[in-house]
2 protein chains.
Amino acid sequence: MIGYQIYVRSFRDGNLDGVGDFRGLKNAVSYLKELGIDFVWLMPVFSSISFHGYDVVDFYSFKAEYGSVREFKEMLEAFHDSGIKVVLDLPIHHTGFLHTWFQKALKGDPHYRDYYVWANKETDLDERREWDGEKIWHPLEDGRFYRGLFGPFSPDLNYDNPQVFDEMKKLVLHLLDMGVDGFRFDAAKHMRDTIEQNVRFWKYFLSDLKGIFLAEIWAEARMVDEHGRIFGYMLNFDTSHCIKEAVWKENTRVLIESIERAVVGKDYLPVNFTSNHDMSRLASFEGGFSKEKIELSISILFTLPGVPLVFYGDELGMKGVYQKPNTEVVLDPFPWNENMCVEGQTFWKWPAYNGPFSGISVEYQKRNPDSILSHTMRWMRFRKENQWIDRAKIEFLRKEEKFLVYRLYGDQYSLKVFHNLSGEEVVFEGVKMKPYKTEVV
Amino acid sequence: MIGYQIYVRSFRDGNLDGVGDFRGLKNAVSYLKELGIDFVWLMPVFSSISFHGYDVVDFYSFKAEYGSVREFKEMLEAFHDSGIKVVLDLPIHHTGFLHTWFQKALKGDPHYRDYYVWANKETDLDERREWDGEKIWHPLEDGRFYRGLFGPFSPDLNYDNPQVFDEMKKLVLHLLDMGVDGFRFDAAKHMRDTIEQNVRFWKYFLSDLKGIFLAEIWAEARMVDEHGRIFGYMLNFDTSHCIKEAVWKENTRVLIESIERAVVGKDYLPVNFTSNHDMSRLASFEGGFSKEKIELSISILFTLPGVPLVFYGDELGMKGVYQKPNTEVVLDPFPWNENMCVEGQTFWKWPAYNGPFSGISVEYQKRNPDSILSHTMRWMRFRKENQWIDRAKIEFLRKEEKFLVYRLYGDQYSLKVFHNLSGEEVVFEGVKMKPYKTEVV
C-alpha cells in the first residue's frame with residue numbers, strides 16, 4: 001500500500017485558472033496510477049478562507065475554487081475506477097472563526113456557545129502551548145476569552161459537549177456515504193485533556209466505522225501506540241524523521257533505534273513519509289540534500305515495513321524550507337513540465353523554490369532514467385510487487401555505523417535489505433553496496 | 001477624479017473561499033465610495049493560469065476563481081450605481097502560452113502562425129531586452145523560435161498582421177459594449193518597433209472609441225508625451241517616483257524638475273500614483289518610509305494637477321518590497337480588520353508583510369483619526385471638493401531645498417500649496433509648515 005499526500009491548490013488545474021481543483025485531480029489520476037499509488041490524502045477541501053484550509057467554515061461545502069459537489073463526486077469516481085482510495089484531511093479539532101457555529105456563539109446563542117471552550121475564573125489566561133510558547137486563550141471585545149490552541153483563527157470545539165461529538169460523527173458518516181474512503185484526522189492528539197480521555201474519545205468516535213483512518217499524533221512512541229490500535233494506521237513522525245537524520249549524519253544509529261521504537265511489533269501499520277506540509281521537504285532536509293541522499297532516503301522509506309507515504313513533489317525532489325508564518329513555501333505548484341506552461345499546471349503563486357526550467361518537472365524527469373522520479377518509480381514498482389512488506393517482520397543482521405543489513409520476512413516471503421549510508425563502497429556477504437545506495441537481495 | 005488600482009485576488013472575497021472575486025468587489029463598493037474613488041483599475045480578470053493574469057488564455061471568459069460573466073456584470077452595475085467607473089487591465093501585447101491561438105500556431109496552423117512573431121534567418125536570437133538583459137527569443141522543440149518580450153510564457157502578438165488588430169479591436173468593442181468604462185493598456189509602448197509606429201498603432205486602435213484609456217508607457221517624457229494626446233490619460237511614472245525620492249532625500253529638487261518635465265503644460269492628464277504591482281509599495285520605498293513620510297507623499301500626490309491613483313492598500317500604509325520572481329509579495333491580502341477573520345477577507349496566501357494584528361487594517365485605522373487611512377481620506381475629500389485641480393495650472397512661488405510653495409490655479413479657482421520636506425518647522429509668508437507636512441491656503 002502506497003500513499004500520496006496532495007495539496008489540491010498546487011497539484012493540478014482543471015479549468016485553466018491556475019488554481020488546482022477537483023477536475024484537475026481527476027485528470028491527474030493517470031499519473032498517480034502510473035506511480036502505483038493506493039490512496040491519496042487530500043489536504044483540506046472544505047469551505048475555508050485560508051489557503052491551507054485547516055480552519056473550516058462549512059464542512060458541508062467545498063472550497064469554491066476547488067469545485068462543486070458534483071465535480072468532487074466525479075473526481076472520487078475517477079479515482080475509484082483506477083483502484084485509488086481517497087482519504088480526506090478532516091480538521092475537526094476546531095472550526096474556522098467564521099463558521100456559523102462560532103459566529104452564533106459570538107452573538108450569544110447559548111446552544112452554540114457550548115460548542116466552544118470558554119475561559120472561566122480558574123482559567124490561566126496566560127497558558128502557553130508546549131511546542132512554541134504561543135498563547136492558547138484569545139480575547140473578544142466583550143471581555144470573554146475562547147480557547148484556540150492553533151491561534152485566534154481557529155476556536156477549539158468543545159468535545160465535552162455530546163452534541164459536538166454527534167455533529168462530527170454525522171459529518172463523518174455523511175462523507176463515508178458519499179464514497180470517501182477514510183480520513184486523516186488533524187490534531188488528533190488534542191481532542192481531550194489526557195491521553196486516556198483522548199484514546200477513549202477516538203474509540204467511541206470510530207466505533208462501527210470502516211475506512212482508512214490516519215491520525216496525526218505527533219508525540220512520543222507510547223502515545224502513538226496507545227492510539228494505534230484504534231486507528232489501525234499511524235503517521236510515524238519518529239521514523240520518518242530518523243530516516244533523514246541517519247542519511248544526513250551518515251550514521252545508522254538513529255535509524256535503527258527508531259525502527260526498534262516505532263516500527264517493530266506494532267498492532268497497527270506505521271505510515272512512514274518523505275515529509276509533509278508542516279516541515280521542510282525531503283530535498284531540503286537540514287538545508288538541502290544531495291541527489292544521492294534524497295534517493296537513499298526514498299530507498300530506505302520503501303524498504304521498511306508499514307505504509308510508505310509520499311508528499312506530492314517529493315518524488316521529484318521538489319525543494320522547500322519550512323518557515324513560519326509563510327508556510328506556503330513548502331506548497332509550491334507541482335511542476336508538470338519544464339516551462340510550467342501546459343494545461344493542468346497550477347500557478348496560484350510564483351514557486352518559492354521550484355520554478356520553470358529547474359529540471360524537476362515530471363515531463364523532464366520521466367525522460368531521464370537517472371532522475372529522482374525514475375528512482376522513486378522503481379521503488380514504487382518494487383513495493384507494488386511486494387505488498388507483503390507492509391506487514392513484514394524485521395530482523396537486523398548487521399548494525400554497523402555506516403551500513404545496515406536487515407531481513408524482512410512474512411509467512412511466505414523473505415528478503416535481505418542492505419543500506420550503505422556512506423560515500424564509500426562496502427562489500428558484505430558478497431553483496432556490493434555502492435556509495436549511498438540500497439541493495440535488495 | 002481619483003483612481004484606485006485593485007488586485008482582485010487580494011481585495012475582497014464574496015464566497016468564503018478566501019480568494020478575492022467579483023462578488024467581493026461588489027461588496028466593497030461602499031468602502032470605495034466612502035473613499036471617494038471615481039474609477040477602479042482592475043488588474044487582469046481574464047482566464048489565465050498565472051496568479052497575476054497578464055498571460056491571458058481566453059479574453060472572452062473570466063478567471064474561474066473570480067466568478068462568472070453574470071457576477072462580473074452585477075459587479076459592474078453595483079459600481080455604476082455608485083458612480084464609480086470600471087477600467088480593465090488589458091494585456092493585448094501578447095497572449096498566454098496556452099491561448100488557443102498559440103496552441104494552434106504550435107501545431108502548424110498557418111492562419112494562427114501569423115498571429116505571433118517568429119524568428120527568421122536575420123533574427124539575432126541572442127537579442128536581449130533593454131531593462132534586464134533577459135532573452136527575447138524562445139526556442140521550441142522543433143527548432144523554431146518565437147518572440148516573447150516578457151518571457152516564454154507570453155508569446156508576443158504580431159501586430160503587423162491586420163487580423164490580430166481586428167481581433168483585439170473586436171474584443172475592446174465587446175467589453176465596452178458590456179459596460180466596461182475603459183482600459184489600462186499593459187506594455188503599451190511595445191506594440192510596434194518604433195515610437196512613430198507605436199503612436200500610429202494606438203491612434204488607429206483607439207479611433208472612434210470613448211472611455212478612460214490609461215497607457216503603460218514606462219519611458220522618458222518625450223515618449224510619454226507623444227502617446228499622451230491619443231490616450232488622454234498617461235500613467236506618470238516619472239513624477240510618481242520623484243515625489244517619493246524627494247520625500248526620501250528631504251530635497252525638493254527632483255520633485256520640481258519632474259513636475260516641470262512631466263506635469264506642466266501637457267495636452268493629456270498625467271496619472272500620478274502611490275505605487276503599483278511592478279515596484280515596492282509606497283510604505284516600503286527605499287527600504288521603508290516612516291509614517292510621516294508616507295503621509296507627506298500622499299499629501300503631495302493629492303496636491304498636484306492630474307489624476308491621483310492609489311494602489312490598493314497604499315492608503316493603509318501596507319508594506320511590500322518588490323522582488324523578482326516572487327512579485328506576489330507586493331500583492332498581499334487587503335486587511336479588512338485586525339484579526340483578518342471577517343467575511344470578505346481574502347487569504348489565498350499568508351501575507352508577506354501585512355499580517356493579522358499589525359495595526360494596518362481598515363477597521364483599526366478608521367477608528368483612529370491619526371492613522372494613515374484617515375490622513376488619506378482627508379486628502380481624498382479635499383480633492384473631491386476641488387476637482388478643478390485635475391486640470392489646474394501650476395506656478396512655483398518658492399523653490400527651497402527643503403520646502404516648496406506653488407500656486408494651483410484654474411479659470412475660477414486658485415490656492416497655494418506649501419510642502420515642508422524637512423523635519424524642522426518652517427514659516428513662510430505667515431504660514432507655519434510643520435515638519436513633514438503640507439498646508440493648503
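How many residues of chain B are in contact with chain A? In the model, 39 residues of chain B touch 39 residues of chain A, contact being defined by heavy atoms within 4.5 Å. The model is predicted, so that local features need pLDDT of at least 70 and side-chain atom pairs count only at pLDDT 80 or more, whereas totals for chains, interfaces and linings use all residues. Residues are numbered from 1 along each chain as its sequence is written, chains are lettered from A and ligands numbered from 1 in the order in which they are written, and side-chain values use heavy atoms, with hydrogens and water left out.

The size of an interface is often given as the accessible area lost when the parts come together. Between chain B and chain A about 3100 Å² is buried, 66% of it from carbon and sulfur atoms; buried area is the accessible area (1.4 Å probe) that two parts lose on being put together, summed over both. Within chain B, the greatest losses to chain A fall on Ile49(B), Phe153(B) and Trp350(B), which together give 23% of what that side buries. The residues of chain B that touch chain A comprise 21 nonpolar, eight polar and 10 charged. Here Ala, Val, Leu, Ile, Met, Phe, Trp, Tyr, Cys and Pro count as nonpolar, Asp, Glu, Lys and Arg as charged, and the others, Gly among them, as polar. Zero salt bridges are found across this interface, a salt bridge being a side-chain nitrogen of Lys or Arg within 4 Å of a carboxyl oxygen of Asp or Glu.

In chain A, eight strands close into a barrel with parallel pairing, in the order β1-β2-β5-β8-β9-β10-β11-β12. Strands (E, at least two residues) and helices (H or I, at least four) are DSSP runs, numbered from the N terminus, and two strands pair if DSSP finds at least two bridges between them. Arg184(A) stands opposite Leu214(A) in β9(A).

Chain B contains an open antiparallel sheet of four strands, ordered β13-β14-β15-β18. Strands β13 (393–399) and β18 (438–440) of chain B stand at the edges with a single partner strand each, so one side of each has no neighbour in the sheet. Strand β15 (residues 414–420) of chain B pairs with β18(B) in the antiparallel sense over three bridges, and Val417(B) stands opposite Val440(B) in β18(B).
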